[in-house]
Amino acid sequence: VQLQASGGGLVQAGGSLRLSCAASGLTFISYAMGWFRQAPGKEREFVAAISWSGGSTYYADSVKGRFTISRDNANNTVYLQMNSLKPEDTAVYYCAASLVADMNVRQVNYWGKGTLVTVSS
């Protein structure tokens with residue numbers, strides 16, 4: 001199984017980025033997909049998740065109204081649109097696949113390698 005995340009980079013506060021995660025080696029529609037992040041010196045935390053059909057989405061309170069998760073089952077890809085970025089959003093962002101839609105760290109079956117997002121003030 002491979003979860004290849006991309007789209008990270010350096011952006012100014014208030015800007016936007018779109019992360020992508022291309023999945024291979026698994027039956028994509030069998031899994032809920034999610035994004036987690038880990039800032040330096042902190043634990044990995046949940047950001048957003050989407051059910052296999054895309055019909056249900058879940059967000060951390062810290063990103064609600066700013067981030068949007070979506071998926072394209074035809075292309076085995078999940079996205080995270082991040083708007084109104086803040087310096088505190090700076091972290092390595094990890095793509096995740098889970099059999100549980102409302103997933104937490106312990107419920108992730110597969111992890112991607114991560115992509116760095118840096119938000120400057």
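**Notes on the predicted model**

1. Ser 84 sits in the loop between β8 and β9. This is a predicted model. The phi of Ser 84 is positive, near 50°, and the residue is not a glycine. Most residues other than glycine have a negative phi. At a relative accessible area of 40%, Ser 84 is partly exposed.

2. Asn 76 lies between β7 and β8. Its phi is also positive, about 50°, and Asn 76 is not a glycine either.

3. Four strands make an open sheet, with antiparallel pairing and the order β1-β3-β8-β7. β1 (2–6) and β7 (67–72) are the edge strands; each has a single partner, so one side of each lacks a neighbour in the sheet. From one strand to the next, the twist averages 15°.

4. β7 and β8 (residues 77–82) run antiparallel and are joined by six bridges. Across this pairing, Arg 71 stands opposite Val 78 in β8.

5. The largest nonpolar core has 30 residues. Within this core, Met 33, Trp 35, Leu 80, Met 82 and Tyr 93 touch the most other members. At least two core residues come from each of β1, β3 (17–24), β4 (32–38), β5 (45–50), β7, β8, β9 (91–98) and β11 (115–120). There is also a second, separate core of six residues, including Ala 32, Phe 36, Ala 49 and Val 108.

6. Leaving aside residues up to four places away in sequence, Met 33 touches Leu 3, Phe 28, Ala 48, Ala 49, Ile 50, Ile 69, Arg 71, Val 78, Cys 95, Ala 96, Ala 97 and Met 103. Two of these contacts, Arg 71 and Val 78, are the residues that stand opposite each other, Val 78 being in β8. Another contact, Cys 95, belongs to the disulfide.

7. Which cysteines form the disulfide? The structure holds one such link, and Cys 21 and Cys 95 form it, with sulfur atoms 2.1 Å apart. The link is left-handed, at -85° about the S-S bond. Cys 21 is in strand β3 and Cys 95 in strand β9, so the pair ties together parts 74 residues apart in sequence. Cys 21 and Cys 95 are both buried.

How values were computed:
Residues numbered from 1 in each chain as written. Predicted model: local features only at pLDDT ≥ 70, side-chain atom pairs only at ≥ 80, totals over all residues. Heavy atoms only, no water. Pairing = 2+ DSSP bridges. Axes fitted to C-alpha atoms, helices over the stretch in contact; angles between N-to-C directions. Core = buried A, V, L, I, M, F, W, Y, C linked by side-chain atoms within 4.5 Å. Buried < 20%, exposed > 50% of the residue type's maximum accessible area, 1.4 Å probe, protein only. Contact = heavy atoms within 4.5 Å. Disulfide = S-S within 2.5 Å.
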